[in-house]
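This report describes how the parts of one model are arranged and where they meet.

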2 protein chains.
Amino acid sequence: MATTVGVIGGGQLARMMIPAAVNLGIEIRILAEQEDMSADLAATGVGDYRNRDVVLAFAETVDVITFDHEHVPQEILRELIARGVPVHPGPDALQYAQDKILMRSRLAELGLPVPDWARVENPEDLAAFLAEHEGRAVVKTARGGYDGKGVRVVTHEHEVDDWFQALAEDANGGALLVEEFVEFRRELAQLVARRPSGQIVAWPVVETVQRNGVCAEVIAPAPLSAGRLADVAGDIAIAVAEGIGVTGVLAVELFETTDDRLVINELAMRPHNSGHWSIDGSTTSQFEQHLRAVLDLPLGATGTRDSWSVMVNILGGPSSGTLIDRYPVAMREHPTAKLHNYGKDPRAGRKVGHVTVSGDDLDDAVYEARATAAFFQD
Amino acid sequence: MATTVGVIGGGQLARMMIPAAVNLGIEIRILAEQEDMSADLAATGVGDYRNRDVVLAFAETVDVITFDHEHVPQEILRELIARGVPVHPGPDALQYAQDKILMRSRLAELGLPVPDWARVENPEDLAAFLAEHEGRAVVKTARGGYDGKGVRVVTHEHEVDDWFQALAEDANGGALLVEEFVEFRRELAQLVARRPSGQIVAWPVVETVQRNGVCAEVIAPAPLSAGRLADVAGDIAIAVAEGIGVTGVLAVELFETTDDRLVINELAMRPHNSGHWSIDGSTTSQFEQHLRAVLDLPLGATGTRDSWSVMVNILGGPSSGTLIDRYPVAMREHPTAKLHNYGKDPRAGRKVGHVTVSGDDLDDAVYEARATAAFFQD
């Protein structure tokens, strides 16, 4: 059977697939964007994922293609399929991750809970939407946004004129997505994995804490999520995965609104920051599960190993030296913390690693995880 | 600080250090005996570890040297030290793993509990020992034995004449080790890790089940080991590690005798089969701990993640095809089992992988782990 997984993109998500591949004895080959990237150890090629020839040549060396990111162009994905290369998630699913207007439109079609939204082509369209939504809205570029980039909260129709201008100059044209500003109590994320043959499993819903648009902390499972909330979150993510035919891991970011609804914020069709806790906290990590799913192998158990797992991102990294320079003190003070170092140079705001602490007491786990991460951010 | 660990030997122990190194962002380089070995992914060199030039050249590419096995010759180890390369465990400790007579002698000196033993050079010596021990004894070659090789239970002084003959023809001369045949209730193993600067930690003592001299199963922690038994086992292993200056992971195999004593059977100065459960069952795996120890980093917590973890070796592998060919059925039937595939070709008796199942119920965990492993051995 197929045993060589090819990953396009050499970032930390590809890197964290390596331990899972080593454990399972699955060969992993990575097409990295450049030398010395996070997933360097298993990089068998370096090249531009937007270059058809580069991707096709890489695909010849593997049994199935998957991804560290969602940016491989549709025409290349479709050519891979035409050549008989399994691609998971496939282009029909990935198009929704690549275009937020398409995604909102499809989710609405499926009857899933999304914020009010509209496609806007100019300040007049935006003014109309603002008028209907108490003068406040969130505008997003349809393509290319991540970690808070390409997202602006606006109260005036001219606050995204630069984006309208850029679209006017773009040969492909296009529009912006505008959404109602959702008053939420907290943010949640629901991770699921789905095999090509249909099996689907869900991890417990988690609470995510964002800072400056970037995931900062995750608590698994989300506090006060037992019962109905967990069921609804799971049902939503399963409906998304099945409705748009996702294969592999899918993360659905959700708002828990102040009026007690769950609405979908964003999707990611790959292992996701909200699932990093699963490496140490779940019987099956999202990275192992992703490999199993893309090889169409039966999925592993998704239960928690401890009452609580808390993941804190290391953002930016230390002001001097490397993460490893801080290990002697951080490890001495926090012997239960699991350190994950992505092998990237420190840079303001960059995700360079994360810490997970698991245990029976949530307050202790939160304290330990934050305190450990703090050693690496000064 | 030092961040590149060099591992001499490319077997599954080196392989299982790779995920730990990836997580911690520690560079690992492996000197493999040949191409396509188990630890191939991180092999940066291929060569004979008995060749001084090969080892010295490899050592120039790393910050610290450690091992997948205990067989690197003393003179090469001592030359590395002379050249300023940190070696963990060092030659002063490793000599005891390399020569069982030296080991028994040192353990006796330290006042640690060992079976009655003697150094025997000929059948007459052996006859004398047998006469003193009810006509039964265990004879071991001093060097080169593993997994039951180089061990014979004898009732007559001429049953190891071939070994005496080989020693007589060996320019280095030498002798055999003879030990009393210990009547034991069960076998235990105590794993500890020690840093060069002295910190030492112990995992819970485990029960090991051997078949044909090879480790077949491990139950962690050992049933009925709470309290005194665990304390004594831990104290023995700590005394061994400190007494002979082991750095890195040390496994002490113990007999629990029918008259309620613990006596030392064998030592291994490296991650050990009796500690594989710790990958999935302990906060810190023996492989992560070994890397931390050899880099003289603070050691991680050694507690269990679940009430019980049961590890079952996959010995030999399937009669046809590969381990991965069996994944579709094994994974479907056993979603909680953690599969570890060493990437080795199946061969009778060979350790090609292992399965760990953790949970609150020991009987369930034993059943699941055995049933999963059975899919890979037919």
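Domain bounds, as used here, come from an automatic or database domain assignment. For chain A this gives the four domains in the table.

| Domain of chain A | Residues |
|---|---|
| domain 1 | 4-87 |
| domain 2 | 116-180 |
| domain 3 | 183-305 |
| domain 4 | 307-378 |

This is a predicted model, in which local features need pLDDT of at least 70, side-chain atom pairs count only at pLDDT 80 or more, and totals for chains, interfaces and linings use all residues. Residues are numbered from 1 along each chain as its sequence is written, while chains are lettered from A and ligands numbered from 1 in the order in which they are written.

The centres of domain 3 and domain 4 of chain A, taken over C-alpha atoms, are 22 Å apart. Their contact (C-beta atoms, placed from the backbone, within 7 Å) takes 15 residues from domain 3 and 13 residues from domain 4 of chain A.

Chain A also touches chain B, with 34 residues from chain A and 33 residues from chain B in the contact. Helices (H or I, at least four residues) and strands (E, at least two) are DSSP runs, numbered from the N terminus. On the chain A side, helix H1 (12-24), helix H11 (327-333) and strand S16 (338-341) each give two or more residues; H1(A) has the largest share, six residues.

Of the interface residues of chain A, 97% are also interface residues in chain B, so the copies meet through the same surface. A rotation of 180° with 0.0 Å of shift along its axis superposes chain A on chain B, with RMSD 0.0 Å, by least squares on the C-alpha atoms of residues with pLDDT of at least 70 in both. The two copies are therefore related as by a two-fold rotation axis. In chain A, the C-alpha of A:Pro19 is the nearest to the axis, 2.2 Å from it.

Note on methods:
Contact = placed C-beta atoms within 7 Å.
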